[in-house]
Amino acid sequence: MRLCFFSDDRLGLVEGPMVRDVTDALEVLPAAHYPYPVHDVFIAGLSSVIDRIRKMPDNGKRLDLHNLILQSPVRNPGKLVAAPVNYLAHLEEAIADEETFSRAHVRRIEETGLFLKATSSLIGAGAAIEIRQLDRRTDHEIELAVVIGSPGRDIAQEKALEHVAGYCIGLDITIRGPEERSLRKSLDTYSVLGPWLVTADEFGAPAGKSLQLDVNGETKQLANTKDLILDVPALIAFASRFYSLQPGDVIFTGTPEGVGPIVPGDVIRAAIATNVASRVSMVHRPASGRNASCRRKK
Ligand code: MN
């Protein structure tokens with residue numbers, strides 16, 4: 001199943017190029033009272049929501065996906081966990097370019113560990129990346145993003161995929177430089193999740209999925225998750241030894257080689273293959289500073 005949020009927090013079921021509005025299914029979620037849960041309530045209740053969608057009458061009305069402004073498929077993640085250099089070819093390009101990649105950060109993931117991106121940096125596919133600090137280099141990074149579905153600590157690798165609700169395309173937008181990753185990758189709009197959630201059963205095994213990112217029609221990143229140094233089960237196990245994982249937590253699994261700068265006005269197209277012989281893709285138009293307007297997803 002492919003589920004999106006669009007317009008003003010409407011829930012949609014994505015069916016090819018069309019979207020069925022299934023917002024009424026959110027009624028199964030518990031009312032929240034202060035202090036609010038530290039997990040994402042929609043992801044925690046996802047199986048109930050899906051059950052409700054299956055029972056809802058289908059009135060046949062569909063919205064054209066191209067006309068919708070897509071929001072992040074996880075609206076209130078408790079944390080955005082991210083993997084640094086997790087593809088060997090990306091490590092090699094970082095080692096080779098001392099000018100761009102601070103030596104402090106060019107180490108293997110087993111040494112570096114993981115880091116957190118601020119949840120305030122999160123946007124969906126329908127919002128523009130607002131590039132700030134234009135005097136510095138800002139890069140695109142396409143990543144497979146894993147959405148945790150059930151809580152856990154010290155999760156065994158063999159059980160790890162049982163904790164996954166689904167997958168998205170993640171863009172880990174990054175200012176290059178010497179500061180901590182958490183700082184350089186947490187500006188508003190620098191974490192993109194979308195275009196929708198592909199549930200784990202539909203997505204299938206996370207290994208062997210191709211990733212592609214184009215800027216202005218030119219392919220910059222083309223890779224496959226089979227080349228992850230720590231694969232998805234290993235990342236979940238690793239992360240859960242330090243953080244308790246909660247429904248709606250997102251793990252950005254790291255970017256492959258081919259990272260490069262983006263500037264206001266560029267058009268980014270990102271795609272990840274799924275197991276249903278199709279690709280999920282989304283388009284971004286980075287804009288400058290705070291004046292960027294929201295753009296429609298194409
Ligand atoms: Mn990254």
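In this predicted model, 14 residues of domain 1 are in contact with 21 residues of domain 2. Together the two domains bury about 1,400 Å². One salt bridge is counted between them.

**Domain layout**
- The domain assignment places domain 1 at residues 2-71 and domain 2 at residues 80-295.
- Their C-alpha centres are 24 Å apart.

**Buried area**
- Of the area buried between domain 1 and domain 2, 64% lies on carbon and sulfur atoms.
- Three residues, Arg2, Ile43 and Leu70, supply 48% of what domain 1 buries against domain 2.
- No other three residues of domain 1 supply as much of that area.

**Polar links**
- Arg2 forms a salt bridge with Glu202.
- The closest N and O atoms of Arg2 and Glu202 are 2.8 Å apart.
- Four residue pairs are in polar contact across the interface of domain 1 and domain 2, with both residues at pLDDT 80 or more.

**The side of domain 1 that touches domain 2**
- Two strands, β1 (2-6) and β5 (70-71), each supply at least two residues to this side.
- The helices α1 (41-44) and α2 (46-55) also supply at least two residues each.
- β1 gives the most, with three residues.
- By class, this side of domain 1 has 10 nonpolar residues, two polar residues and two charged residues.

Note on methods. Residues numbered from 1 in each chain as written. Predicted model: local features only at pLDDT ≥ 70, side-chain atom pairs only at ≥ 80, totals over all residues. Heavy atoms only, no water. Domains from an automatic or database assignment. Contact = heavy atoms within 4.5 Å. Buried area = accessible area lost by both parts, 1.4 Å probe. Salt bridge = Lys/Arg side-chain N within 4 Å of Asp/Glu carboxyl O. Polar contact = N/O pair within 3.5 Å; in protein donor to acceptor, adjacent residues only side chain to side chain. Helix = DSSP H or I, 4+ residues; strand = E, 2+ residues; numbered from the N terminus. Nonpolar A, V, L, I, M, F, W, Y, C, P; charged D, E, K, R; others polar.
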